[in-house]
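Here are a few exercises to work through with the model open beside you. Try each one before reading its solution.

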Amino acid sequence: MQMQALVSAITIAMGCQLLLPHAAVAQGADAGAPTPAAPSTPVAPRESVQPQPVQAQPVQAQPALPRPEVALPTPAPDSPHQGAGAPQRAQQRALAAERGRPLYLKYCATCHGRDGDGHGPSAAALEVAPLDFTRGVYKFRTTPAGMIPTQRDIERTIRLGLVGTRMPPWSKLLSPAEITLLAGYLMTLSDRFWTDEPPPPVLEIPAEPRADAASIARGQALFGRMGCPVCHGTQGHGDGMIAAALRDDWGKPIRPFDFHSASPKGGPAARGYYRTISTGHTGTPMPSFVALLKPDERWDVVHYVMSLRAPRGVLDYLLDPAGRMTIP
Ligand code: HEC
Ligand code: HEC
């Protein structure tokens, strides 16, 4: 607890130089149109070190965004938030549970637990705890810190897996339809997906500007001013002042990412970095910088941290710009 307060204090202190002007500018720049009132942020269960102003900000000030997953051509079964009434929602939820459970038990329960609580038989052997899906707290999202992810976010994680952890990519083994069923099933495990709340706003990732030397230099300066070195280390080796003391919401020690390693969990593509820096990893000390950094500045930081990467290995040359393997 004390440590969390300290971390917040340090992070905020180091970021405060830019805090106010940027919070205002970032919102204006993001919204384009007149900025609507911030949607009420549901209280995240035991949010870890998130600087306060960040939590209160929507990722994009566009509350009425359509849920992309609803419009998907592939069957997006039983997606919540379709404006259905409570009885209908309960029915959808039961159906999604029934359809997805067999796949879940077959492929996922060994790590994530029969009931999705993260206590599968193989879980103890894992270095990073597999997620407890019943809490509805997800790390890998395009939605604001502490909010539920979109169905697409969950599908992306299942498809690509989490590099550097034991969570494998499933796209080779399972069809897109099966992955959709699984994402639908995971959503049935937490009540947070089945409320009257409007869906959270979704992060828009603008086109990536050129990663030239000027952008990298600006990114390096911002990296220091935002307090990233406290956790990630001055050289970005994941060995910052408080790195060794950090724990995730599940009480397990968690290491800040080493930018010199080639395998970020969010995927090796620049967009993955942009997403993480914007929305943070809820449940871990990695904060959201959406209110502290303007989109351009986030790209500058992405360019800087990506410039630290170890020279590309053979495998990297087989990835397309989205970080997907180009050979079957
Ligand atoms: C070998 C163990 C293992 C198996 C099998 C496994 N997972 Fe995971 N999974 C993990 C671990 C470990 C994590 C946490 C990694 C982290 O947070 O760094 C994880 C994380 C996830 C997440 C990330 C949620 C988030 O955003 O925080 C999703 C979604 C997920 N798993 C879905 C699945 C599904 C669906 C299956 C079955 C098709 C599955 N997993 C099978 C180990 C496993
Ligand atoms: C309070 C500590 C803390 C601060 C401050 C912090 N981070 Fe992190 N960061 C973490 C931790 C811990 C992780 C690992 C999260 C995980 O494994 O899920 C992480 C992960 C990341 C990742 C994800 C890598 C991956 O595996 O996909 C990126 C990118 C990142 N941080 C960038 C930054 C940048 C840029 C800043 C400053 C603007 C910053 N972080 C500030 C603690 C911090």
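Which helix supplies the largest share of the shell around ligand 2?

**Solution 1.** Before starting, two notes on conventions. This is a predicted model, in which local features need pLDDT of at least 70 and side-chain atom pairs count only at pLDDT 80 or more, while totals for chains, interfaces and linings use all residues. Residues are numbered from 1 along each chain as its sequence is written, and chains are lettered from A and ligands numbered from 1 in the order in which they are written.

Step one: collect the shell. A residue is near a molecule if its C-beta atom, placed from the backbone, lies within 6 Å of it. Around ligand 2 there are 29 residues, and the closest are Cys 228, Cys 231, Pro 264, Gly 266 and Met 286.

Step two: assign helices, which are DSSP runs (H or I, at least four residues) numbered from the N terminus. At least two shell residues come from each of H1 (2-31), H8 (228-232), H9 (270-279) and H10. The largest share, four residues, belongs to H8.

Step three: sort by class. Ala, Val, Leu, Ile, Met, Phe, Trp, Tyr, Cys and Pro count as nonpolar, Asp, Glu, Lys and Arg as charged, and the others, Gly among them, as polar. The shell around ligand 2 then splits into 20 nonpolar, seven polar and two charged residues.

**Exercise 1.** Describe how H9 and H10 cross, and list the residues that make the contact.

**Solution 2.** Start with the axes, which are lines fitted to C-alpha atoms over the stretch in contact, with angles from 0 to 180 degrees between N-to-C directions. Those of H9 and H10 come within 9 Å and cross at roughly 120°. H9 is therefore oblique to H10; angles under 35 degrees count as roughly parallel, over 145 as roughly antiparallel, 65 to 115 as roughly perpendicular and the rest as oblique.

Next, list the contact, where two residues qualify if their C-beta atoms, placed from the backbone, lie within 7 Å. H9 brings Ala 270, Tyr 273, Tyr 274, Ile 277 and Ser 278, and H10 brings Arg 298, Trp 299, Val 301, Val 302, Val 305 and Met 306. By class, this contact has nine nonpolar, one polar and one charged residues.

**Exercise 2.** Work out how many residues are buried in H9 and in H5 (residues 151-160).

**Solution 3.** Count C-beta atoms, placed from the backbone: a residue is buried if 20 or more others lie within 10 Å of its own, exposed if 12 or fewer, and partly exposed in between. In H9, eight of the ten residues are buried, including Gly 272, Arg 275 and Thr 279. H10 is part of what covers them.

In H5, eight of the ten residues are buried, among them Asp 153, Glu 155 and Arg 156. Here the cover includes H6 (176-188).

Finally, check what follows each helix. After H9 comes Gly 280, with a positive phi near 70°; just after H5, Gly 161 takes a positive phi of about 70°.

**Exercise 3.** Is Ala 310 buried or exposed?

**Solution 4.** Locate the residue: Ala 310 lies in the segment after H10 (295-307). Ala 310 is exposed because 12 C-beta neighbours lie inside 10 Å. Its C-alpha atom is 8.3 Å from that of Phe 259, 51 residues away along the chain.
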